[in-house]
Amino acid sequence: MKLYGSLTSPYVRKVRILIREKNLACEFVVADAWAADSPIPALNPLGKVPALVLDNGDVLFDSPVIVEYLDSLKTPALLPVSGVARWETLRWQALADGMLDATVSRLLELRRPAEQQSAENVRRQEDKIARSIEYTEQRLSRESWLMENRFTLADLVMAVALEYIDFRYPHNWRGRHARLAQWLAGVSARPSLIETRPPGMEKK
Ligand SMILES: N[C@@H](CCC(=O)N[C@@H](CS)C(=O)NCC(=O)O)C(=O)O
């Protein structure tokens, strides 16, 4: 298998962490989705990374699909296989992906020429991020993990989202969310997170 993606994409990082956690054999091919000669549009019509090329040549795309496929290859499952825990974990992934989408959208808005930027859109994305951080802290139990009293996909995706917010939208969310900050510090110390941190992303 070959995983195509950039070093900075948080969606790609989700997949790289899962590969590391499950010790799967998968080659990582660094590819820039934005480059004129990018190989990505030929793999994924949406032109986005990550894209996973399977051994039979078929290609999977969109990180939730790739994550679920890779997780199915080897136990223990990081995505609980059934019941309430499964739906709750998928909801954590939807929330984390939405936090990434909002952070990317805010960044792209701020990269437009100053006179074309929409302050309203920036605020709208920041509100989504703030509400999501609040939501997460409210649901944090006293355990070290979000689900099942063990490291699952829920912890993986939420840590990626919060570290990406620190990277692209640094602000003092820790001031009002000390418990969440403490939880993140624990997950962030895992080798899979340390080894996949993009250049320039310092650990808080
Ligand atoms: N929902 C997708 C989002 C992937 C995504 O937006 N990737 C970005 C990199 S961070 C990308 O490839 N953007 C190129 C583009 O939008 O043309 C997923 O989870 O895989």
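This is a predicted model: local features need pLDDT of at least 70, side-chain atom pairs count only at pLDDT 80 or more; totals for chains, interfaces and linings use all residues.
The residues surrounding the ligand are Ser9, Tyr11, Ala33, Trp34, Gly47, Lys48, Val49, Pro50, Asp62, Ser63 and Pro64. And where does the ligand sit? The space it takes up is the largest pocket.

Now zoom in on the polar atoms. Serine 63 puts a polar side-chain atom 2.6 Å from an oxygen atom of the ligand. With valine 49 it's the backbone that matters here: one of its N or O atoms lies 2.9 Å from a ligand nitrogen. Aspartate 62 also has a nitrogen atom of the ligand within reach of its side chain, with a polar atom there lying 3.3 Å away. As for how much of the ligand gets covered, it exposes 520 Å² when taken alone, and the protein buries 78% of that.

The structure holds three aromatic pairs. Take the one formed by tryptophan 145 and phenylalanine 151: the ring centres are 5.9 Å apart and the planes meet at 80 degrees, so this pair counts as edge-to-face, since the cut-off for that label is an angle over 60 degrees. Is phenylalanine 151 buried or exposed? Its relative accessible area is 9%, so phenylalanine 151 is buried, because anything under 20% falls in that class.

Key:
Residues are numbered from 1 along each chain as its sequence is written. Side-chain values use heavy atoms; hydrogens and water are left out. A residue is near a molecule or strand if one of its heavy atoms lies within 4 Å of it. A polar contact is a pair of N or O atoms within 3.5 Å; within protein, one must be able to donate a hydrogen and the other to accept it, and residues adjacent in sequence count only if both atoms are side-chain atoms. Accessible areas come from the Shrake-Rupley method with a 1.4 Å probe; for residues, only the protein chains shown count as cover. On a 1 Å grid over the protein atoms alone, a cavity is a set of points where a 1.4 Å probe fits but cannot get out, and a pocket is an open set with protein on both sides within 12 Å along at least five of seven lines; lining residues have an atom within 4 Å of a point. A molecule sits in a cavity or pocket if more than half of its atoms lie within 2 Å of its grid points. Rings of Phe, Tyr and Trp (its six-membered ring) pair if their centres lie within 6.5 Å; planes under 30 degrees apart count as stacked, over 60 as edge-to-face and the rest as tilted. Buried means under 20% relative accessible area, exposed over 50%, partly exposed in between (1.4 Å probe, protein chains only).
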